[in-house]
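Welcome! Open your viewer, get ready to select residues by chain and number, and follow along one stop at a time.

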2 protein chains.
Amino acid sequence: MKPHLECVPCFLRQASEAILMSTDDEVVREEALREVMSYLLYEEWGKVIPELGTNVHRIVKRVTGNEDPYKQLKDECNEMASKFYSKLEPTVKNSNDPLLTAAKIAIAGNAIDFGPRIEIDIEKEVQKVLEGKLAINDIDQLKGSAQKSKDILYLADNAGETFFDRILIGELAKRDINVTYVVKGGSILNDATLRDAEMAGINSVAKVISTGTDCTGVLFSECSKHFLREFENSSLVISKGQGNYESLNDVKNKEIFFLLKIKCPIIAEDIGAKKASTVLKRFLKNE
Amino acid sequence: MKPHLECVPCFLRQASEAILMSTDDEVVREEALREVMSYLLYEEWGKVIPELGTNVHRIVKRVTGNEDPYKQLKDECNEMASKFYSKLEPTVKNSNDPLLTAAKIAIAGNAIDFGPRIEIDIEKEVQKVLEGKLAINDIDQLKGSAQKSKDILYLADNAGETFFDRILIGELAKRDINVTYVVKGGSILNDATLRDAEMAGINSVAKVISTGTDCTGVLFSECSKHFLREFENSSLVISKGQGNYESLNDVKNKEIFFLLKIKCPIIAEDIGAKKASTVLKRFLKNE
């Protein structure tokens, strides 16, 4: 997906958020934001979003000297989500449609705004997603394709959300469906890394690999050969969140299920659902 | 008020919004946004917010060749607000505290997000502000100071909001308090100009003047001598919206009442109330 005009200010907003978390030094903060602006000013905007996004965050890390600006936030998310995890399993067990409930929980994990009032928000957001309707709900196709394929490549999004993913992966495992769980190869935004997958105990229900690089979403030109082979060979992909959607919505000949909360108007228009809605959308673009 | 780091991406977001309304030409759109970025990259960030904001919007107007990007939006706002206006007068008349109700209506006018679902939003927003509590409510001081001064300089914010201001000015007029209503001297954002004041019939309840320039908020270095004299001689100021707050919260020896909805976290922190809350705040900083 290529950026729209409105994406450029949004890159800069993301950068300023990362910068504020990276350092208290006002001089370094201004220097970092100006360097990001300079990069965006002289860069081609026709590149894919993950390339621009990745470079923006790399500049922040380089100029501020903070290799993991979101570390504290990620730790807090993991802690909160781990406390909430035990409540999620019985919810799935007691549901009429455990796989749909587990998928909705995984989507709720993407919907949570991991901000300051996180404890209240987790409970509320999960309730809202479970009780509400998905704006796009291709669960029947997911069930059918998963039973046929028996193997799923599952692209993770954020730290903390990983605990919610584990619920869905657990349900898939009960149906003898194997999952390979993909996290980022290095710290970028609040995206899950190997450490976060381990904290959520994903290793006990799935094989865990990484993209091999600290990219936002999936930046194919930078991913490891190992990941590229796994992606190439996969017959079915579950993709969480906007970053992965932006990376994969041009991919040909691959059946992908996008599970996410829509947080921006550009994605909303592209996916065909309203901003703030939750979706489980099947995608298959043939050449 | 000087910009915080987060204000820089926000300037760019505002610019991209204005650009999208200014022209359909994608090449010109990119050129305009890049020129705004170039300005912000090489400009000092220690200047006051209205100076940076004004320059950003002037670049958009110059590069796109559209002297009034928000014209259509302003026309729609005026039309909607004019339809709603007749409902507002009886609300004030039947209230226990007409001046507070009128002030709340003026604040509701600032709270309305003049977007696409405007008809629904006006009704809902007015109801919400009238039934709710102001986060800061210095109405008693406003009543006292207005009775003593008998003259108020009233700084307008947006087009459409002007109809709501007229309600408050009408109530002040009933108490023999004269109002001088100040709009912008040229088109900038969706800010009210002489034309918008006239459409709302402000001329029948107040003397209407302009800042003499197309600045955001009040940029004293660019305002007309006429406005500066009026400001200097005023004993009491009512200031609507964030742009005017950013311009006046450093002013010394002037009694100002800020009426606004808080739409950004920086203003929220500065004013001492939560984002999304509505306030009527007395301000007097002595030298």
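A residue is called buried if 20 or more other C-beta atoms lie within 10 Å of its own, exposed if 12 or fewer do, and partly exposed in between, with C-beta atoms placed from the backbone. Residues are numbered from 1 along each chain as its sequence is written, and chains are lettered from A and ligands numbered from 1 in the order in which they are written. This is a predicted model, in which local features need pLDDT of at least 70 and side-chain atom pairs count only at pLDDT 80 or more, while totals for chains, interfaces and linings use all residues.

**Stop one: a lysine in a loop**

Select B:Lys275. Is this residue buried, exposed or partly exposed? B:Lys275 is partly exposed, because 13 other C-beta atoms lie within 10 Å. Its place is the loop between α12 (265-271) and β7 (278-283) of chain B; helices (H or I, at least four residues) and strands (E, at least two) are DSSP runs, numbered from the N terminus. Leaving out residues up to four places away in sequence, B:Lys275 touches B:Ile262, B:Cys264, B:Pro265 and B:Ala268. Two residues are in contact if their C-beta atoms, placed from the backbone, lie within 7 Å.

**Stop two: a covered helix**

Move to chain A and select residues 98-111, which form helix α5. Twelve of the 14 residues of α5(A) are buried, so the helix is mostly covered. Among them are A:Leu100, A:Lys104 and A:Asn110.

**Stop three: two domains of chain A**

Colour domain 1 (7-64) and domain 2 (71-283) of chain A separately; these bounds come from an automatic or database domain assignment. Their C-alpha centres lie 26 Å apart. Where they meet, domain 1 of chain A gives eight residues and domain 2 of chain A gives twelve. On the domain 1 side, α1 (7-22) and α3 (49-64) of chain A each supply at least two residues, and α3(A) has the largest share, with six.

**Stop four: where the chains meet**

Finally, show both chains. Here 18 residues of chain B are in contact with 18 residues of chain A. On the chain B side, α1 (7-22) and α2 (26-42) each supply at least two residues. Which helix of chain B gives the largest share? That is α2(B), with eight residues.

Terms used. The expected span of a helix is 1.5 Å times one less than its number of residues.
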